[in-house]
Amino acid sequence: MTETRESAGPNGEAHARYAPGTPCWVSLMVHEPAATQDFYGELFGWEFQPGPRQLGPYVRALLNGREVAGIGQLPPDLHLPTAWTPYLASDDVDQTAETVRLCGGTLGVGPLDAAETGRLAICSDPSGAVFGVWQTAEHRTGGLGTPGVPGVPGTPAWNELLTFDSVTVAKFYESVFGYEGQPMVPADLDHVTLYVEGRPVAGIQGVGNALPRERGPHWMTYFEVADTDEALVRLVALGGRILQPARDGAHGRVASVADPEGSRFALVQSPR
């Protein structure tokens, strides 16, 4: 992922700010946080510690001491489907939120402060897909936490938007975050890769009517694993579901899955 402006973190480690538009955090809002923590803790080896509570009870997931994701609790009376949500970096979340509105998106939550760590907003694009915007506080670096090293099993590896049509929605994200969008070759594949400073940071895939009727357009987070097939066996034993079996592709061995509450995500074993 694209990072800039390195500096020292609270433990003396070198951390870096994320260039605007770069995915810098992933968060999951669920109905049963304790059971969800058990599931992902067993699947990825995560441990948990309390996080900002501006949106209700919230924990950060840690892997080898590094923060990699967050899990929060939905209000009991809010019957929404659970989903992983990527947060995209911004130097000014208020300005980005206004640009989202001007470009046809919707502001759902915020902008608001998350304790002393930064400022966030939760938005949706014109197709209805939900994403977050994160502005790190001046005295901190990184995203909501300090995401793990890319390529390490148990950490987010990629974010892909599944929507009806890639070109139309790509124009929205390009306008809001300044991405460079490059359609996939061959041209008959409805896919656009989003670039920040020449590096690919996310993808948009148009799947037309193949979108799940109960889900609609949504972002899909890919988590790195050491062995996709072994991870699938563990996932099923923990109560998860396989949506698309493991398959080999240009970016590794990938499977689409869901956790016990139905949150969709993907497992990817990158080429070694």
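**The open sheet and its surroundings**

Reply: The chain has four helices and 18 strands. Helices (H or I, at least four residues) and strands (E, at least two) are DSSP runs, numbered from the N terminus. This is a predicted model: local features need pLDDT of at least 70, side-chain atom pairs count only at pLDDT 80 or more, and totals for chains, interfaces and linings use all residues. Residues are numbered from 1 along each chain as its sequence is written, and side-chain values use heavy atoms, with hydrogens and water left out.

Now the sheet. Eight strands form an open sheet, in the order β12-β13-β14-β11-β15-β18-β17-β16. The pairing is mixed. Two strands pair if DSSP finds at least two bridges between them. At the edges stand β12 (180–183) and β16 (241–249). Each has a single partner strand, so one side of each is left without a neighbour in the sheet. From one strand to the next, the twist averages 25 degrees. Axes here are lines fitted to C-alpha atoms, for helices over the stretch in contact, and angles run from 0 to 180 degrees between N-to-C directions.

Look at one pair. Strands β11 (residues 156–163) and β15 (residues 218–224) run antiparallel, joined by six bridges. In this pair, Trp158 stands opposite Tyr222 in β15.

Next, the helices. Helix α1 (residues 33–44) packs on the sheet and touches β15 and β18 (264–269). The direction of α1 makes about 10 degrees with that of β18. Helix α3 (residues 166–177) also packs on the sheet. It touches β11, β12, β13 (191–196), β14 (199–206) and β15. The direction of α3 makes about 140 degrees with that of β14.

Zoom in on Thr193. This residue sits in strand β13. Thr193 is buried, at a relative accessible area of 15%. Buried means under 20% relative accessible area, exposed over 50%, and partly exposed in between (1.4 Å probe, protein chains only). Beyond its neighbours within four places in sequence, Thr193 is in contact (heavy atoms within 4.5 Å) with residues including Trp158, Glu180 and Ala202.

Finally, Thr155. It lies in the loop between β10 (130–136) and β11. Thr155 counts as buried, at 2% relative accessibility. The backbone oxygen of Val152 is 2.6 Å from a polar atom of the Thr155 side chain. Thr155 and Val68 are 87 residues apart along the chain, yet their C-alpha atoms are separated by 6.0 Å.

Terms used. A polar contact is a pair of N or O atoms within 3.5 Å; within protein, one must be able to donate a hydrogen and the other to accept it, and residues adjacent in sequence count only if both atoms are side-chain atoms.
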